[in-house]
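Visitor: I am new to this structure. Could you walk me through it, one question at a time?

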Amino acid sequence: MQRRGTLFKPLQLPCGLTLKNRIAKSAMSDCLGDGAGHPTAEQIKLYQRWAAGGMAVSIIGEVQLTGGYAENPGNLVLNEASDLHRFRDLARHGGGNGTKLWLQLGHAGALAYAPTSNPKGPSALDLPVCAARKCRWTKFVNYPRGLRGQPGWRGRPVLAVCKFTLRTDIC
């Protein structure tokens, strides 16, 4: 009889959520969006394959709430103008087989891709801070919360601000 190690045992998070195992894909900028901030068929298929393979949690990195500060032209952008049908397809397929699909919300800040974005501080690069920063921060935090309860959306976002500070809002 083959013995299953700890990697394949469920993991209960402090908030009470239980992951089916301890296999996770960390947040990374996969650059598979369509250039306008929407998931593509290729991206949906990739996350579906990872879910089918037994992944417990998959985190999509660098999901922006405004396209003006994207870290990469292929980042997803989730806001009022987004095609939520495409995001729901990503959530449904990437969250199959009991996989949790989470979004790491990011604001690339000074690391935004200059040819297609608008780099802004604060950072060691000493770029100017956006005048409307406080207003955008409120939108940044509150918009994803408004998606809770909509069809296809489970869990909560993981917030990463200016790529250097991570705040979890998973539970």
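Guide: One definition to begin. Helices (at least four residues) and strands (at least two) are DSSP runs, numbered from the N terminus. Note too that this is a predicted model.

Visitor: In which loop does Asn97 lie?
Guide: Look past the end of helix H2, which covers 84-94. Strand S5 takes up 100-107. Asn97 sits in the loop between helix H2 and strand S5.

Visitor: What is the phi of Asn97?
Guide: Most residues other than glycine have a negative phi. Asn97 is not a glycine, yet its phi is positive. At 49% relative accessibility, Asn97 is also partly exposed. Its phi is about 60 degrees.

Visitor: How many helices and strands are in the protein chain?
Guide: Read along the sequence, the pattern is β-β-β-α-β-α-β-α-β-β. The protein chain has 171 residues, and buried ones make up 42% of them. The elements come to 3 helices and 7 strands.

Visitor: Is Glu62 buried or exposed?
Guide: Glu62 belongs to strand S4, residues 57-63. Its phi is positive, about 55 degrees, although Glu62 is not a glycine. Buried means under 20% relative accessible area. Glu62 has 5%, so it is buried.

Visitor: What is the volume of the largest cavity?
Guide: Rolling a probe the size of a water molecule over the atoms shows where empty space is left. Here the count comes to 1 cavity of 30 Å³ or more. The volume of the largest cavity is about 30 Å³.

Visitor: Which element gives the largest share of the lining of the largest cavity?
Guide: The lining is made of Ser29, Asp30, Cys31, Gln43, Ile60, Gly61, Glu62, Gly74, Asn75 and Leu76. By type, these residues divide into 3 nonpolar, 5 polar and 2 charged. The largest share, 3 residues, comes from S4.

Visitor: How far does helix H1 reach from its first C-alpha to its last?
Guide: Helix H1 covers residues 41-52, which is 12 residues. At 1.5 Å a residue, 16 Å is expected. The model comes close to that, with a reach of 16 Å.

Visitor: Which residues of H1 are buried, and what arc do they cover?
Guide: In H1, the buried residues are Gln43, Ile44, Tyr47 and Ala51. They lie on the same side of H1, because they cover an arc of only 100 degrees around the axis.

Visitor: Which residues are exposed on the other side of H1?
Guide: Exposed means over 50% relative accessible area. Just after H1 comes Gly54, with a positive phi of about 105 degrees. The exposed residues on the other side of H1 are Ala41, Glu42, Arg49 and Ala52.

Visitor: Tyr47 and Trp50: stacked or edge-to-face?
Guide: The count of aromatic pairs comes to 1. The ring centres of Tyr47 and Trp50 are 5.0 Å apart, and their planes stand at 85 degrees. Planes over 60 degrees apart count as edge-to-face. The pair of Tyr47 and Trp50 is therefore edge-to-face.

Visitor: What is the relative accessibility of Trp50?
Guide: Tyr47 and Trp50 are 3 residues apart in helix H1, about one helical turn. Tyr47 is buried, with a relative accessible area of 1%. Trp50 counts as partly exposed, at 25%.

Visitor: How far apart in space are Leu76 and Gly33?
Guide: Leu76 lies in the loop between S4 and H2. Leu76 is buried, with a relative accessible area of 2%. In sequence, Leu76 and Gly33 are 43 residues apart. C-alpha to C-alpha, the separation is 5.5 Å.

Visitor: What separates the C-alpha atoms of Ser58 and Leu103?
Guide: Ser58 lies in strand S4. Ser58 is buried, at 2% relative accessible area. Along the chain, Ser58 and Leu103 are 45 residues apart. Their C-alpha atoms are separated by 8.6 Å.

Visitor: How far apart in space are Pro73 and Ala112?
Guide: Pro73 lies in the loop between S4 and H2. With a relative accessible area of 34%, Pro73 is partly exposed. In sequence, 39 residues part Pro73 from Ala112. From C-alpha to C-alpha, the distance is 9.4 Å.

Definitions and conventions. Residues are numbered from 1 along each chain as its sequence is written. This is a predicted model: local features need pLDDT of at least 70, side-chain atom pairs count only at pLDDT 80 or more; totals for chains, interfaces and linings use all residues. Side-chain values use heavy atoms; hydrogens and water are left out. Buried means under 20% relative accessible area, exposed over 50%, partly exposed in between (1.4 Å probe, protein chains only). On a 1 Å grid over the protein atoms alone, a cavity is a set of points where a 1.4 Å probe fits but cannot get out, and a pocket is an open set with protein on both sides within 12 Å along at least five of seven lines; lining residues have an atom within 4 Å of a point. Grid points are joined across faces, edges and corners, and a volume is the space filled by probe spheres set on the points. Ala, Val, Leu, Ile, Met, Phe, Trp, Tyr, Cys and Pro count as nonpolar, Asp, Glu, Lys and Arg as charged, and the others, Gly among them, as polar. The expected span of a helix is 1.5 Å times one less than its number of residues. The arc is that of the directions from the helix axis to the C-beta atoms. Rings of Phe, Tyr and Trp (its six-membered ring) pair if their centres lie within 6.5 Å; planes under 30 degrees apart count as stacked, over 60 as edge-to-face and the rest as tilted.
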